[in-house]
Structure formats: C-alpha cells, structure tokens
Amino acid sequence: MTDASQFIGRSAVVTGGSRGIGLATAIALRSAGADVLICGRSADALEAAAAQIASVPAVAGRLVTQTADVREPEQAERLIASAVEQLGGVEILINNAGVGRFSPLAELEVDDWREMIETNLSGVFHCCRAAIPAMKQRGGGWIINVSSLAGKHPFAGGTAYCASKAGLNALTESLMQEVRRDGIRVSCVLPGSVDTRFAGNESSADAGWKLAASDVAQTVFDLLCHPPRSLPSRVEIRPSVPRK
Ligand SMILES: NC(=O)c1ccc[n+]([C@@H]2O[C@H](COP(=O)([O-])OP(=O)(O)OC[C@H]3O[C@@H](n4cnc5c(N)ncnc54)[C@H](OP(=O)(O)O)[C@@H]3O)[C@@H](O)[C@H]2O)c1
C-alpha cells in the first residue's frame, strides 16, 4: 500500500527536469510533498517548468531550479552541492537528462556521438559520483536512471543512442550491487516510445499510441514507494498497443 506522505520533506534531484519525463516526474514528486531540484541547460526552460510545477497543487514541498550541464563533472558536483545546501541533502536522484540523434553510423557527426555518450552515460556517472557520498552520509538513498528499451533492443540508425543506454543499463546494475549494502537502492526504468519533444519530436495527433511522460513518471514514483526491503532494479514500460 502506498503511503504518499512518505515523500513529505524528502529531497529529490531530477536532471532534465525542464520538460518531458523529467518535468512529469518533478510534478509527481513535488505534488506528494518532496522538495525538488530540477536542472537543465536552458534557464528559460527551467523558469517555464517551475511555473508549471508551481501551478499543480502540492501537499508541501520546495522547488529549486538550477542550470547545469550534466556532461560537465564540475557542474554535476555543483548541482548536488546545491541540493545539499538548499534542500538539506539528496535522498532521491533521478538521472533523466538525455539526448538522441539518429542516423547511420557513417553519417553520424563526431559531436553527436560525443553528446549522446557524454549526456546519457557520462552525465549519469558524474551525478552519481557526486551524490553517493551525500547519500551515504544520510544513511541511504534512491538513484533511478531513466534508460531506454533502445539499450536492450538496438536498431539501425541508433548506434550511439543504443550504446549509451546499453552502457547505462550496465552502469546501473554494477552500481546497484556496489551500494545496496549502504542503503542506496539503484534502479533503471526502460521506456519505449514516449510522447515528448525528445530528439526534436513535436507532439502530434498521431502520437496517441505512445506512452505519456506522466506514465513514466508514475513508474518512477511507484518504484520510490517500495518498502526498504524491496528493490525492483529494472523496469520496462512500453505502449500497450504499438504502432503497426
Ligand atoms: N521520449 C522517448 O521516446 C524516450 C524513450 C525512452 C527513453 N527516453 C529517455 O527519457 C529521458 C528524458 O527524455 P524526454 O523524452 O523527456 O526528452 P526531452 O523532452 O527532450 O527532455 C530532455 C531533458 O533533458 C535536458 N537535458 C538534455 N541534455 C542535458 C544536459 N547535458 N544537461 C542537463 N540537462 C540536459 C533537457 O533540457 P535542456 O535541453 O534545456 O538541457 C530536457 O529537460 C532521456 O534520458 C531519454 O533518453 C525517452
């Protein structure tokens, strides 16, 4: 049975919280009373997201925004330090920031390769590396990495993206084994197609078959509701009826 009041006063960092899945997750956490810090690279997008989050009724919960590029280790460290300073710690870290560029490998720009690996994989490393000491200090925490079914089912035109998410799945499982005895639970969520602005997509009437960002946020939220003895370490979520 879920006791949503367990979120009151808990501190959460959501990377890529300015839109899509990250924004929906921040809304779910704050509505339940958590103190939430969202980050992204665009200050304007964060400001718009903060207004949207504030417009949703919440039990309690502070909201802080910070521009940060998770590809930069110093910025990841500053992000976590800021959560410790402003929210009193980091009990929940949702590594959600991610990018996708799709084209055949021979045509993929080196910068696109770097951006995907550095955001989707190295960015998670930087944020986890910064947050784990703070979590240990408080006696535990939760890290949920938003991966993708693409990490498990590679496809043509997705070499860098699929490799970054396959790497993220491996990182998640190794880290889960490393820190579970410290009271830190680590999981990954692997969504299929979600109706967001990911990879330059625009929402359209044809997107009704896709998952909504709030469906993935619900999965993240449900994971966080598990009792301390239980660790669902990998969850796949896909549209019930895929496009033909
Ligand atoms: N949409 C899908 O179909 C789908 C399916 C499976 C998995 N996923 C995964 O779900 C996650 C969220 O995707 P989404 O669909 O919500 O995409 P989205 O709407 O494009 O949102 C991505 C978020 O990440 C932020 N971001 C990107 N690069 C960043 C960086 N270097 N540092 C900090 N923040 C950064 C963006 O803000 P700024 O641009 O302002 O930095 C934005 O807030 C990603 O990891 C993605 O791989 C998506």
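A nonpolar core is taken here as a set of buried Ala, Val, Leu, Ile, Met, Phe, Trp, Tyr and Cys residues joined through C-beta atoms within 7 Å, a residue being buried if 20 or more other C-beta atoms, placed from the backbone, lie within 10 Å of its own. The model is predicted, with local features requiring pLDDT of at least 70 and side-chain atom pairs pLDDT 80 or more, whereas totals for chains, interfaces and linings use all residues. Residues are numbered from 1 along each chain as its sequence is written.

The largest nonpolar core holds 61 residues, of which Val 13, Val 36, Ile 80, Ile 94, Cys 127, Ala 131 and Val 216 touch the most other members. Helix 4 supplies the largest share of this core, 8 residues. Apart from this core lies another, of 5 residues, including Ala 150, Ala 160, Tyr 161 and Cys 162.

Strands (DSSP runs of E, at least two residues) and helices (H or I, at least four) are numbered from the N terminus, and two strands pair if DSSP finds at least two bridges between them. Seven strands form an open sheet with parallel pairing in the order 3-2-1-4-5-6-7. Strand 3 (63-67) and strand 7 (234-237) each have a single partner strand, so one side of each edge strand is left without a neighbour in the sheet. Strand 1 (residues 11-15) pairs with strand 2 (residues 35-40) in the parallel sense over 5 bridges, and Ala 12 stands opposite Val 36 in strand 2.

How values were computed. A residue is buried if 20 or more other C-beta atoms lie within 10 Å of its own, exposed if 12 or fewer, and partly exposed in between; C-beta atoms are placed from the backbone.
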